[in-house]
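Please keep the sequence and the structure in view while reading.

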Amino acid sequence: MRTTITLLLLVFISIHTFAFTLEVGNGYPYSTLEQAAAVAVPGDTILIHSGTYNGGIFVGDLQGTASSWIYILAASGETVIFDGGTNAWQLTDAAYIEIRGFVFEHQTGNGLNFDDGGSYETPAHHILFADCTFRNINASGNNDLLKLSGLDDFEINNCSFTNGAAGGSGIDMVGCHDGIIKNCSFENL
């Protein structure tokens with residue numbers, strides 16, 4: 001009996017320590033980023049396949065851990081575009097997330113929006129943006145290609161920012177700390 005309980009406990013622990021790849025796209029198990037994010041746990045990869053997807057996505061409380069990040073990746077060698085919406089994505093209270101390889105375009109508000117959910121005590125933190133293109137925003141006034149509010153410990157690497165809104169910014173940081181921006185290009189902002 002003791003051996004059976006120990007074995008069942010080990011199997012349960014093993015099942016929950018594996019990382020999964022959650023594939024998104026036409027013909028894949030998940031059709032939207034929201035569906036995959038709803039089941040993602042630390043260590044998982046949300047892999048989005050080629051296509052143009054509608055913007056207007058909201059995801060709250062998506063959090064990896066210091067040892068098990070959550071990865072949101074465009075499939076290697078594939079073009080993945082998030083088109084339109086007020087924001088392409090709004091992630092609130094996110095932590096330990098890597099975002100890599102996407103194109104964000106034609107949003108009517110901010111291109112991509114990360115925030116702390118309005119709480120100074122719990123900032124979003126440890127976010128890596130890499131190899132993304134932010135372009136051709138369809139907004140005017142104070143709208144930004146990448147809007148960060150209450151984000152700590154972040155990096156923006158090898159991203160391009162082109163054709164921003166008159167009066168907006170390529171990257172707007174409000175209440176952000178300990179960020180690194182490197183190897184990025186900015187044009188016609």
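The accessible surface of the chain amounts to about 9400 Å², and 52% of this area belongs to carbon and sulfur atoms; areas follow the Shrake-Rupley method with a 1.4 Å probe, and for residues only the protein chains shown count as cover. The model is predicted: local features need pLDDT of at least 70, side-chain atom pairs count only at pLDDT 80 or more, and totals for chains, interfaces and linings use all residues. Residues are numbered from 1 along each chain as its sequence is written, and side-chain values use heavy atoms, with hydrogens and water left out.

The chain contains 2 helices and 18 strands, taken as DSSP runs (helices H or I, at least four residues; strands E, at least two). Its C-alpha trace spans about 70 × 40 × 25 Å along the principal axes. Of the 189 residues, 45% are buried, that is, under 20% relative accessible area with a 1.4 Å probe and protein chains only. Among contacts (heavy atoms within 4.5 Å) with a separation of 6 or more, 72% join residues 24 or more positions apart.

The structure holds 0 disulfides, a disulfide being a pair of cysteine sulfur atoms within 2.5 Å. C159 is in no disulfide, and the nearest cysteine sulfur, that of C132, is 4.8 Å away. C159 is buried, at a relative accessible area of 2%. C176 is likewise in no disulfide; its nearest cysteine sulfur, that of C184, is 15 Å away. With 18% relative accessibility, C176 also counts as buried.

How values were computed: Buried < 20%, exposed > 50% of the residue type's maximum accessible area, 1.4 Å probe, protein only.
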